[in-house]
Amino acid sequence: MEVEIKEATTKKELRKFVKFNIGLYKDCPYHVPGLIDEELMTLSKDKNPAFEIAEAIYFLAYKGEKVVGRIAGIINHRNNETYHKKNVRFGFVDFIDDVEVVDKLFYAVEHWAKEKGMEVIHGPLGFTDLDHEGMLIEGFDQMGTMAALYNYDYYPKHLVRMGYEKDLDWKEFKIFIPKEIPEKHMRIGEIVKKKYGLTILKFKKRKDIWPYAQNIFDTLNKAYAHLYGFTKLTPKQIDYYVKMYIPILRLDMITLILRESDDAVVGFGIALPNLSQALRKAKGRFFPFGFIPLLKALNTKTKVVDLYLIGVLPEYQNKGVNALLFTDLIPVFNKLGVVYAESNPELETNNAVQAQWDYFKIEHHKTRRAFSKQL
């Protein structure tokens with residue numbers, strides 16, 4: 001049966017776009033589905049403030065009435081202006097193992113990109129660095145996480161077949177939590193606190209986080225500025241993410257490092273109990289019953305935590321500030337019975353972030369890749 005590509009524009013078509021991923025992986029034990037409504041919000045030109053600085057197009061592949069693939073084309077104009085590029089991103093990509101399906105999906109995005117004057121296509125990437133990035137190339141027998149989705153092993157084979165090449169890799173690690181704070185972390189932490197006038201801030205009430213929310217994302221903008229694919233978040237984007245994520249955070253897993261002289265956020269660490277199994281039970285739906293396993297996972301002991309965001313201002317990087325973060329978080333993790341933490345994707349070139357695991361037992365269990373091709 002011939003493959004037909006159609007642009008997804010209506011609410012009904014976008015829901016098909018989102019739900020295709022869930023249906024494709026319904027029998028895969030490693031896949032972690034996202035929440036349908038949350039992804040619809042990300043794709044919405046009316047609700048996602050990223051559309052202030054970006055534009056996007058969504059394509060579905062059909063065989064008859066059946067959806068057999070999806071792909072998004074995204075042009076982040078701010079990123080292109082910042083780095084003087086003419087790049088288009090592909091993302092939200094899923095497909096059955098079929099040459100015609102894959103070729104026609106990517107042709108649709110490439111053709112659209114050429115019409116827009118773009119010169120290079122790369123991905124998988126989202127609108128921002130907080131969307132899913134990278135295609136799994138190693139670790140197909142490992143569970144996905146909320147922050148880093150799973151894909152079948154035939155995906156990268158099709159990319160290579162079409163002439164796409166490696167642009168950059170992300171590594172993911174299991175970081176095994178020691179029963180005691182490493183002595184070197186303790187010593188470095190105390191030195192750093194005194195030398196730079198720093199203090200650790202914890203929260204007892206959720207309302208106490210809000211005055212620091214903007215500062216956390218300002219620090220994130222500065223800490224992540226040099227990373228692949230990152231674009232400085234706008235005030236509207238920051239407000240969007242604050243409202244989305246702060247209500248679900250666990251207070252004991254949030255650590256801020258403040259400069260005592262002016263209360264500035266020098267660094268932060270934000271973790272969450274691993275939600276992979278809870279999201280599998282929810283099957284993409286928060287209501288009517290999906291919220292039950294999610295709330296349970298967020299508020300009980302856990303063997304696995306996900307490290308979602310860790311950031312330190314550039315002028316304080318490589319000076320031991322990360323030791324302060326883990327000096328605070330290790331006892332929290334031990335109290336909860338945590339065996340290991342998922343690092344989630346870390347750029348292979350980001351030596352500073354990987355050096356922070358030097359005093360931990362770690363296991364490199366997944367690698368994902370950004371591919372690129374000249375148009």
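This is a predicted model: local features need pLDDT of at least 70, side-chain atom pairs count only at pLDDT 80 or more; totals for chains, interfaces and linings use all residues.
**Stop 1: R250.** R250 sits in the loop between α8 (235-245) and β9 (254-259). Is R250 buried or exposed? Its relative accessible area is 14%, so R250 counts as buried, the cut-off being under 20%.

The side chains of R250 and D252 are joined by a polar contact of 2.7 Å.

Next, show what else surrounds R250. Leaving out residues up to four places away in sequence, R250 touches L272, P273, L298, N299, T300 and L336.

**Stop 2: W170 and Y228.** Turn to the aromatic rings. How many aromatic pairs does the structure hold? There are 25. Select W170 and Y228, which make one of them. A ring pair is described by the distance of the centres and the angle of the planes. For W170 and Y228, the centres are 5.9 Å apart. The angle between their planes is 75°, and the pair is edge-to-face.

W170 belongs to strand β7 (residues 165-176). Y228 lies in the loop between α7 (210-223) and α8. The two residues are 58 residues apart, and their pair links distant parts of the chain. Both W170 and Y228 are buried.

**Stop 3: W357 and F360.** Select these two next. How far apart are the ring centres of W357 and F360? The distance is 6.1 Å. Their planes stand at 75°, over the 60 degrees needed, so this pair too is edge-to-face. W357 is buried, as is F360.

**Stop 4: an aromatic cluster.** Select Y25, Y30, F95, Y150, Y152, Y154 and Y155 together. These residues form one aromatic cluster.

**Stop 5: the second largest pocket.** Finish with an open space. The second largest pocket holds about 410 Å³. To find its centre, select K11, L14, L40, S44 and K45, the closest to it of the 16 lining residues.

Then colour the helices. Which elements give two or more residues to the lining of this pocket? They are α1 (11-24) and α2 (36-43). The most comes from α2, with four residues.

Last, colour the lining of the second largest pocket by class. Seven of its residues are charged, six are nonpolar and three are polar.

Terms used:
Residues are numbered from 1 along each chain as its sequence is written. Side-chain values use heavy atoms; hydrogens and water are left out. On a 1 Å grid over the protein atoms alone, a cavity is a set of points where a 1.4 Å probe fits but cannot get out, and a pocket is an open set with protein on both sides within 12 Å along at least five of seven lines; lining residues have an atom within 4 Å of a point. Grid points are joined across faces, edges and corners, and a volume is the space filled by probe spheres set on the points. Ala, Val, Leu, Ile, Met, Phe, Trp, Tyr, Cys and Pro count as nonpolar, Asp, Glu, Lys and Arg as charged, and the others, Gly among them, as polar. Buried means under 20% relative accessible area, exposed over 50%, partly exposed in between (1.4 Å probe, protein chains only). A polar contact is a pair of N or O atoms within 3.5 Å; within protein, one must be able to donate a hydrogen and the other to accept it, and residues adjacent in sequence count only if both atoms are side-chain atoms. Contact means heavy atoms within 4.5 Å. Rings of Phe, Tyr and Trp (its six-membered ring) pair if their centres lie within 6.5 Å; planes under 30 degrees apart count as stacked, over 60 as edge-to-face and the rest as tilted.
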